[in-house]
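Student: I am new to this structure. Could you take me through its pockets, with a close look at the largest one?

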Amino acid sequence: MEITDVTAVTVDVPLTSLDEPLGIGPYTTNHGELESMERVLVRVETDEGIAGWGEMRVFLSPSATESIIEEGVGPMITGQSPFEIERLRRQVFVEYTNVDMFFAAVETACWDIVGKALDRPVYELLGGWTAPTQSSLRHRENMDENDLTPKKVPVAFCLGILPPEDSRAKAREALEAGFDVLKTKAGKDWRQDVARIKAMHDETDGQLELRLDPNQGWTLDQAVRVGAMLEDEGIYLQYLEQPIRVDSHTALARLRQRLRQPIAPNEDTYISHNISSLVEAGAMDVGVIDLTPAGGISGLRQQAAILEDGGVPFTHHCAFDLGIRTAAILHAVSGIPGFSLPPDSTYYAWEADIIEEPFEVTDGCLPAPRGPGLGISVDLDAVETYRI
């Protein structure tokens, strides 16, 4: 089997409004605000008529991202076997830049092709149900009695920056919808960040575990004050995600020594060798990794191995994923050893999806992956509806 063509198309899908149940739009971070998200869908075709799909976010512009994939990555791998995923990943190299993120969607599509060709789901090709999350272990009714595989994968509810009272209402909404974990953005005003966490914690009587993500928005002294003030209130987060700027591993280690709040680098993990550095520096309690900057599922597996060997628990990041990448994440966290915390997700907040059978989020969970390859089929009519 040989790869014959690589194509990319960009769609723009709206988020449901904050006024709607589990709606989160407009979604505000310390970097901006969005009411929809552009996603690049990548299709890899083969000479045997089997095609696979991948997905990534837009970088710079839709046309620039599509061009790099179609005119840059595509020609590097055309004529080669989609089964040789690891060799292809290491072959895609450009001096002076990290092209892993542009190969990730192509790599995911290759996994999809291999699974379809072998009539096996990707999680089985990765090893098969090696990493049930803590939540699935707590809920044994989640397990399939016949093969002891989970029926659902718990995920964390994600929320943008809102006033404390609005955050309080959304926390109640998430808890009543069955979520165990809520992650909220932060970083515009550290005092308001503390107030919002207190409001959500009080509203749910501490039943929701909370993640706080300022996207590098605090200075070191502000991060110390946030963590200490929450400790004074008896509030202990599941983790503080990337509280200060990247490449400050020594400062992260000092912050970890001063606080009892777990520290979880995210953007710092986008460069693979940083993970070893963070582990060696004692700068992380939790890793928040992502298959796109990792270069795909293979790169994610490599990062997971480093973290697992370092004794560091980890989870998967969310980048406003439609059905293709959501499926890839579900396979990855189910088939790669070491994932012990629910992955982030905003899937419940899309107005629509571009797969034929969109996932249903029930009781704070996404369905466990099934079916050959990624187990999804793309709805080409929906792609045209939301195509840019």
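**The largest pocket**

Tutor: The largest pocket holds about 630 Å³ of space. Its lining is made of 32 residues. Closest to the centre are R57, N215, Y270, H317 and A319. Keep in mind that this is a predicted model.

Now see which elements build the lining. Several strands supply at least two residues each: β2 (27–29), β3 (32–34), β4 (36–46), β5 (51–57) and β8 (181–185). The helix α11 (291–294) also supplies at least two. Among these elements, look at β3 first. β3 gives the most to the lining of the largest pocket, with 3 residues.

What classes of residue make up this lining? There are 13 nonpolar residues, 10 polar ones and 9 charged ones.

Next comes the second largest pocket. Its volume is about 310 Å³. Here 17 residues form the lining. R89, R90, N98, D100 and S272 lie nearest the centre of this second pocket. The largest share comes from α12, with 4 residues. By class, the lining of the second largest pocket divides into 7 nonpolar, 7 polar and 3 charged residues.

How values were computed: Residues numbered from 1 in each chain as written. Predicted model: local features only at pLDDT ≥ 70, side-chain atom pairs only at ≥ 80, totals over all residues. Heavy atoms only, no water. 1 Å grid on protein atoms, 1.4 Å probe; cavity = no way out; pocket = protein on both sides within 12 Å on 5 of 7 lines; lining within 4 Å. Points joined across faces, edges and corners; volume = space filled by probe spheres on them. Nonpolar A, V, L, I, M, F, W, Y, C, P; charged D, E, K, R; others polar.
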